[in-house]
Amino acid sequence: MKSSSWHQKELIFLVLYAAVFYIIVVRRSLQLSHDHYAKLYGLRPGWIAGRFNDASDAQWRNLRGNIPILTMVFGIFTLVANVLRTSFSLKAKGMAIVWCLISLAYLLYLHGACIMFVVAIASVNFFLVKILGKTKYFSYVLWIFNLSFLICNRIYEGYHFSSFGERWAYLDNYRGTFRWHICFNFVVLRMISFGCDYHWADKHNCFDQKKHIQRCDQCSSGKTCYQLLQESRVTNDKFSFPIYLCYLTYAPLYIAGPIISFNAFASQLDSPQNIYSSREVAIYGFRWVFSFFLMELMSHFLYYNAFAISGMWNQLSPMDIFIIGYGVLNFMWLKFLLIWRYFRFWSLVNGIVAPENMPRCVNNCHNLESFWKNWHASFNKWLVRYVYIPLGGSQKKLLNVWVVFTFVAVWHDLEWKLLSWAWLTCIFFIPEMLVKSAANAVKVDGAFREFVFRELRAVAGAITITCLMVANLVGFVIGPSGINWLFSRFLQKEGLSTLGGLLITFYVGTKLMFHISDAKRTKERTS
């Protein structure tokens, strides 16, 4: 009883502290945006209260500006595909051909003549899989082939037709509206997925389907969850070229994902997904609209990203650096949530379920492992299935994280700051893994020991969140050259007091996350 009363009082204090923290952050952010807007790059006239709009982020600017045409294109795509499915009772191969033809027309608009590069590389990959897919050393061939094109596409910036002779040079005038080699990063992941799933098709599967159905809430209710779709065996006829090309170019997921494995995609071709009802899909769409207007409010009043790209860090105090850095991470989270959920929504409307990329708020993650499971979660699932487990999984965890994050950095782009981000993340990951391993080996008995253990976890969470912020600021904002400057600012007298305040705040935030987790577990037990 006393413990319950203490937890309630602690929760009240934590909520009040969090409320005060966000009031201070938002108020100071508004002041900074008002005082410095004339010096910021990327601001454009907005539509809310005569404010400027922060359009400094290219990804968000492109999506926001193209939402009307994308909605029209995907609306037509959905209408045509569903009418043909219903009229002709189309199954896997038929739907693959329909979706493939419509998607190729979409790619022709996006990439113009460069669609030939996409189809040519994809075709060579398909024949490599079919010829060598059942051989012992196929995995090496598959990875070397795809990594080579991933790197060469970036180095040669998508190639020029003039490189193949003057007679082809005129095609460089018809390169479309979107650089094909940027989208091709996602195609590479799909080509590797197709090759690995084909290679593993005849091998023993350790996945216990019956046990999974008993434990999974979705599967036990008669639905089919994503994991079951991914782990179920796909018949050989599904590994055909039309279905393969449809999987690579499927329009709703082509530009930005979410990433879906070949097995999961092919398993849904015969009949649309049954995980979400039409009502749930509609609610998902309305939630996206609400999130969009939340982003509009943020970009009109809080110019976080404009501060980041304008290089004004040197003019800010350590406290203001933290506020802008924290705001940038929240801006990035909301931006990617909107991008990924928009395309996932249209995929759901067409009957193909893909993993949710942002299942948890960025402010509700207190360790690196949970953060990366919930940031670009579909990519995390892909990495676990096709990289982490084949390399030995948890038995070689300390080594595998270096390979995984280095690949992630190279996959994003060939930049030193991304490699710095990857290796910093690995450095921060190692202590967390060691501490977790030690904690799992220790049995906590008694209320006092449980209290001490919980407090130590909260302190570790505060340190981890700080390290996570540093890694992401280096990787996506200030670059490796700014590490010394960042440390020099926070190791001064003013910076140390700010750093102390941050650690206390993150400690409080971690304790609040514990209460949220406890509430969820209690709800699951009683339901």
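How many cavities of 30 Å³ or more does the structure hold? There is one. This is a predicted model, so everything below is a reading of that prediction.

**The cavity**

- The largest cavity comes out at a volume of about 30 Å³.
- Its lining is made up of Tyr 226, Gln 230, Ile 259, Ile 260, Ser 261, Ser 378, Lys 381, Trp 382 and Tyr 386.
- Two elements, helix 9 (226-231) and helix 17 (377-388), each give two or more residues to that lining.
- Helix 17 is the top contributor to the lining of the largest cavity, with four residues.
- Sorted by class, the lining has five nonpolar residues, three polar ones and one charged one.

- Helix 17 has twelve residues, yet its end C-alpha atoms are only 14 Å apart. A straight helix would reach 16 Å at 1.5 Å a residue, and helix 17 falls short of that.
- Nine of the twelve residues in helix 17 are buried, so the rest of the structure largely encloses this helix.
- The buried set is Ala 377, Ser 378, Phe 379, Trp 382, Leu 383, Arg 385, Tyr 386, Val 387 and Tyr 388.
- Ser 378, Trp 382 and Tyr 386 turn up in both places: they are buried in helix 17 and they also line the largest cavity.
- What do the buried residues of helix 17 pack against? Their partners are helix 5 (138-155), helix 6 (180-200), helix 9, helix 12 (262-266), helix 16 and helix 18.

- Helix 18 covers residues 397-412, which makes 16 residues.
- From its first C-alpha to its last, helix 18 reaches 22 Å, close to the 22 Å expected at 1.5 Å a residue.
- Buried residues in helix 18 are Asn 400, Val 401, Val 404, Phe 405, Phe 407, Val 408, Ala 409 and Trp 411.

**Trp 47: buried or exposed?**

- Trp 47 counts as exposed because its relative accessibility is 52%, and the cut-off for exposed is over 50%.
- You'll find Trp 47 in the loop between strand 1 (43-45) and strand 2 (52-54).
- Setting aside residues up to four places away in sequence, Trp 47 touches Arg 64, Phe 293, Glu 296 and His 300.
- With one of these, Glu 296, there is a side-chain to side-chain polar contact at 2.7 Å.
- Trp 47 and Val 328 sit 281 residues apart along the chain, and their C-alpha atoms are separated by 22 Å.

**Asn 367, in a loop**

- Asn 367 lies between helix 15 (318-349) and helix 16 (368-374), in the loop that joins them.
- Despite the loop position, Asn 367 is buried, with a relative accessible area of 14%; buried here means under 20%.
- The side chain of Asn 367 reaches the backbone nitrogen of Glu 369 at 3.3 Å.
- Not counting residues up to four places away in sequence, Asn 367 touches Glu 432, Lys 436 and Thr 464.

**Thr 466, in a helix**

- Thr 466 belongs to helix 20 (residues 447-478).
- Its relative accessible area is 16%, so Thr 466 is buried.
- Beyond its neighbours within four places in sequence, Thr 466 is in contact with Leu 499, Leu 503 and Phe 506.

How values were computed. Residues are numbered from 1 along each chain as its sequence is written. This is a predicted model: local features need pLDDT of at least 70, side-chain atom pairs count only at pLDDT 80 or more; totals for chains, interfaces and linings use all residues. Side-chain values use heavy atoms; hydrogens and water are left out. On a 1 Å grid over the protein atoms alone, a cavity is a set of points where a 1.4 Å probe fits but cannot get out, and a pocket is an open set with protein on both sides within 12 Å along at least five of seven lines; lining residues have an atom within 4 Å of a point. Grid points are joined across faces, edges and corners, and a volume is the space filled by probe spheres set on the points. Ala, Val, Leu, Ile, Met, Phe, Trp, Tyr, Cys and Pro count as nonpolar, Asp, Glu, Lys and Arg as charged, and the others, Gly among them, as polar. Buried means under 20% relative accessible area, exposed over 50%, partly exposed in between (1.4 Å probe, protein chains only). Contact means heavy atoms within 4.5 Å. A polar contact is a pair of N or O atoms within 3.5 Å; within protein, one must be able to donate a hydrogen and the other to accept it, and residues adjacent in sequence count only if both atoms are side-chain atoms. The expected span of a helix is 1.5 Å times one less than its number of residues.
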